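I opened this notebook to keep track of what I looked up, entry by entry, for someone who has not seen the structure before.

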Amino acid sequence: MAWGISLYPEHSTVEQDCAYIERAARHGFSRIFSCLLSVEGDPAQIKREFAQVCSCAHANGMEIILDVAPRVFDALGISYDDLSFFSEVGADGIRLDEPFQPSEIATMTRNPYGIKIELNASSADGVFAATLAHDPRTANLLACHNFYPQRYSALSTEFFKRESRSIKQLGLRLAAFVGLPRADAFGPWPLNEGLPTLECHRDAPIDFQARHLLAMGCIDDIIISNCFATDEELASLAALDASKVQLRPLPDAGLTQNERTVATWDSNQVRGDLSPYILRSTMNRVVFSDLDIPARNPGRDLVRGDVVVVNNESPRYKGELQLVLADLPSDGTRNVVGTLPAHELELLGYLDSWKRFDILL
């Protein structure tokens with residue numbers, strides 16, 4: 001699992017970009033997406049500026065992949081069978097936003113510089129299978145979804161899962177984008193309505209976007225699509241655990257320290273026998289059997305998305321952590337410790353028998 005950032009040198013300076021690279025590297029980020037699609041001007045100047053950024057990336061242990069298309073090759077005088085321009089710049093790879101012929105893509109993967117070729121995973125045009133039919137060097141072949149500046153134009157979750165799974169079945173490394181939901185964040189184009197891969201992520205907190213992608217289990221790398229993430233935002237992603245579904249409920253006003261201890265235990269796991277009403281993490285009641293959990297929330301009925309801890313009124317189940325899947329009447333034995341906001345409810349669908357999960361309170 002790798003985390004990445006994006007750079008748009010035409011909208012910033014080399015100094016700003018290098019400062020961002022250094023900050024991201026300190027948080028463990030290891031890859032960079034940068035865009036040649038919107039760059040215009042003297043090829044020699046473009047080459048110099050991108051070479052500086054690539055050099056800074058490598059000095060900080062990060063790889064950099066440049067987004068290109070046939071028109072970029074034409075503008076810079078590059079041929080598909082001669083990728084020396086990108087080697088001289090110092091790029092580790094190029095992302096083909098628009099298709100070349102499959103035979104040309106296969107030839108690109110066999111370049112003598114070891115430059116990786118990344119294909120657009122959102123195109124659904126059969127290019128992956130067609131390229132594999134032309135005997136590419138698969139070690140140099142990657143996949144990366146698009147991002148979408150215009151509201152309502154990004155991918156549906158079902159399309160994303162379908163295309164991602166088909167690509168992963170081919171054995172290729174796959175990346176996707178999350179966007180900063182801030183008015184001051186910028187990308188390559190003037191339109192500023194966010195830059196997500198999934199439309200349902202457009203206005204959502206960035207850590208939820210990443211947790212949703214991780215929960216689906218089909219993405220290897222996650223890249224922040226717009227600039228510039230703060231240290232707090234970088235740290236929020238770097239702290240995520242890709243091996244678990246991670247849920248962030250809004251804490252209940254009466255949450256106690258003992259309830260927090262039960263809910264945030266690092267070994268929460270869905271019990272194997274599933275109920276349509278609740279998901280249960282039962283070992284909590286063994287580990288935390290000595291904790292005092294007085295009953296509270298009297299008369300408060302439960303709703304889908306509530307996170308509850310069984311209280312002292314039910315001695316056999318006291319300390320068990322439960323996630324509510326369907327509205328339930330109150331019986332006085334369950335304390336609400338938090339409730340998932342609307343966008344977080346999506347993550348309940350990725351929990352199944354024995355799946356490990358975290359409650360982030």
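Predicted model: local features only at pLDDT ≥ 70, side-chain atom pairs only at ≥ 80, totals over all residues.

Residues are numbered from 1 along each chain as its sequence is written, and side-chain values use heavy atoms, with hydrogens and water left out.

**Cysteines.** I found zero disulfides in the structure. Cys144 cannot form one because its sulfur is 12 Å from the closest cysteine sulfur, in Cys35, which is too far for a bond. Cys227 is in no disulfide either, and the nearest cysteine sulfur to it, again that of Cys35, is 11 Å away. I then looked up burial, where buried means under 20% relative accessible area, exposed over 50%, and partly exposed in between, with a 1.4 Å probe and protein chains only. Cys144 is buried at a relative accessible area of 0%, and Cys227 counts as buried at 1%.

**Whole chain.** I read off eleven helices and 15 strands for the protein chain, where helices (H or I, at least four residues) and strands (E, at least two) are DSSP runs numbered from the N terminus. The C-alpha trace spans about 75 × 45 × 35 Å along its principal axes, and 54% of the 361 residues count as buried.

**A five-stranded sheet.** I next followed an open sheet whose five strands come in the order β10-β14-β12-β13-β11, with antiparallel pairing; two strands pair if DSSP finds at least two bridges between them. Strands β10 (250–251) and β11 (278–281) stand at the edges with a single partner strand each, so one side of each has no neighbour in the sheet. Between β12 (residues 306–310) and β14 (residues 334–339), which run antiparallel, I noted five bridges, and in β14 the bridge partner of Val307 is Gly338.

**Glu320.** Is this residue buried or exposed? Glu320 sits in the loop between β12 and β13 (321–324) and is buried, with a relative accessible area of 0%. Taking contact to mean heavy atoms within 4.5 Å, and leaving aside neighbours within four places in sequence, I listed Arg280, Ser281, Thr282, Asn284, Arg285, Val308, Val309 and Val310 as the residues in contact with Glu320.

Definitions and conventions. Disulfide = S-S within 2.5 Å.
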